[in-house]
Amino acid sequence: MIDGRFVVDAHVHAPRLPTLKPAWLQWAHDFAGSYPWRSVYSADGVVIPAAMDELMESEGVDRVLLFCEYSPRATGIQPIEDNLALVSHNPTRFRLVANVNPYLHHPAASEVARQLDLGAVALKIHAVHGAFSPADKELYPVYQLCLERGVPVILHSGTSSFPGSRTSFGNPELLSDVVEDFPSLQFVFAHGGRGWWYDVAAFLALARDNVWLDLAGLPPKKLPEYYRRFDFPRLAGKFVFGTDWPGVPGVAANVRALAELGLPEDVLSGVLSGNAIKLMPSLA
């Protein structure tokens, strides 16, 4: 807990460093600053589970969603199996998030089923790094599977700085038909439409019960500016806290910055953990 508040970081990357392209390491260096994320890695670039667990404990993070990624164009391939050691070390704190790339996995739904069977509590679709449309009908069996399994779908929304990315696929408007075709499936727009799509993401979150916004990579103090066209406390009711670790100056620092925005306590509690638990009840 941080200042007595239960905290779920719903957006964390802890890959093996040798699997990454140089741009990822530069990104982590630039955005983490002096934050000691490298302290959890061995000399050969593998996460030390006990060290990662201790760092998250010291930060006050109760639950951590670990992302994998199959994006050879942009960041490389970080298979879900690389995160199993962390979950094995502390299955209460650490949880898996699946990832699929239709250019690599066919049929895509079979690969998603395999990763969900490993214990994943959500699916991440990174269309920007994979350079495909998240509305492609080939993904509809994936969405149907997630609906049947009761797991939410997290989608990268907004820009990305990594070479090989295709930012056009980060437009939340691409999902307008999908969220209507699957009204009982929960969708989380990671990064909240970062860049020039904040309004689109926010409008969809307020208009659709099954759309949420994760705050990964967004400085908390700038959120009222990014979403200035909207009733901010009302919109915050659809926020899911995430940091994009390690590209963050500290999880606790972001939590406290959120607390300084003056949101009602029940709304803040929802942002920090309650909304994530609604989407993934096993986190409770």
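Helices are DSSP runs of H or I with at least four residues, and they are numbered from the N terminus. That numbering places alanine 131 in the loop between helix 5 (127-130) and helix 6 (140-149). The model shown here is predicted.

## The whole chain

The protein chain holds 12 helices and 10 strands. Its radius of gyration is 17 Å, close to the 19 Å that the globule rule gives for 284 residues, so the chain is as compact as a globular protein of that length. The C-alpha trace spans about 45 × 45 × 35 Å along its principal axes. Of the 284 residues, 59% are buried.

An unreviewed UniProt entry lists residues 8-279 as "domain: Amidohydrolase-related". This span is 37% helix and 17% strand. The C-alpha atoms at its ends lie 12 Å apart.

## Helix 2 and its cover

Helix 2 covers residues 49-59. Which of its residues are buried? They are Ala51, Met52, Asp53, Leu55, Met56 and Glu59. Several elements cover these buried residues, including strand 1 (8-13), strand 2 (63-67) and helix 3 (84-89). Strand 5 (94-99) and helix 11 (251-259) are also among the covering elements. Glycine 60 follows helix 2, and its phi is positive, near 85°.

Most residues other than glycine have a negative phi, and most peptide bonds are trans. The table gathers the backbone spots that depart from this pattern.

| Site | Feature | Angle |
|---|---|---|
| Histidine 106 and proline 107 | cis peptide bond | omega about -5° |
| Tryptophan 245 and proline 246 | cis peptide bond | omega about 10° |
| Alanine 131 | positive phi | phi near 60° |
| Aspartate 244 | positive phi | phi near 70° |

Where do these sites sit? Proline 107 is in the loop between strand 5 and helix 4 (108-117). Proline 246 is in the loop between strand 10 (239-240) and helix 11. Aspartate 244 lies in the loop between strand 10 and helix 11.

Is alanine 131 buried or exposed? Buried means under 20% relative accessible area. Alanine 131 has 12% relative accessibility, so it counts as buried. Aspartate 244 has a relative accessible area of 7%, so it is buried.

## Tryptophan 245

Tryptophan 245 lies in the loop between strand 10 and helix 11. Its relative accessibility is 0%, so tryptophan 245 counts as buried.

What does tryptophan 245 touch, leaving aside its neighbours within four places in sequence? Its contacts include Asp9, His11, Val12, His13 and Ala14. Tyr35, Trp37 and Val40 are also among them.

Glycine 217 is 28 residues from tryptophan 245 in sequence. In space, the two are 8.5 Å apart, C-alpha to C-alpha.

## The largest pocket

How much space lies in the largest pocket? About 540 Å³. It is lined by 30 residues, and the closest to its centre are Trp27, Phe31, Arg194, Gly217 and Asp244. Strand 1, helix 1 (22-32), strand 8 (187-194) and helix 11 each give two or more residues to the lining. By class, the lining has 12 nonpolar, 13 polar and 5 charged residues.

## Cavities

How many cavities of 30 Å³ or more does the whole structure have? A search finds 4. The largest cavity has about 60 Å³ of space. Its lining is Ala10, Leu65, Ala122, Pro152, Ile154, Val188, Asp214, Val240, Leu279 and Met280. These residues divide into 9 nonpolar, no polar and 1 charged.

How values were computed:
Residues numbered from 1 in each chain as written. Predicted model: local features only at pLDDT ≥ 70, side-chain atom pairs only at ≥ 80, totals over all residues. Heavy atoms only, no water. 1 Å grid on protein atoms, 1.4 Å probe; cavity = no way out; pocket = protein on both sides within 12 Å on 5 of 7 lines; lining within 4 Å. Points joined across faces, edges and corners; volume = space filled by probe spheres on them. Nonpolar A, V, L, I, M, F, W, Y, C, P; charged D, E, K, R; others polar. UniProt positions renumbered as here; feature names shortened; annotations may be inferred. Rg over C-alpha atoms; globule rule 2.2 N^0.38 Å. Buried < 20%, exposed > 50% of the residue type's maximum accessible area, 1.4 Å probe, protein only. Contact = heavy atoms within 4.5 Å.
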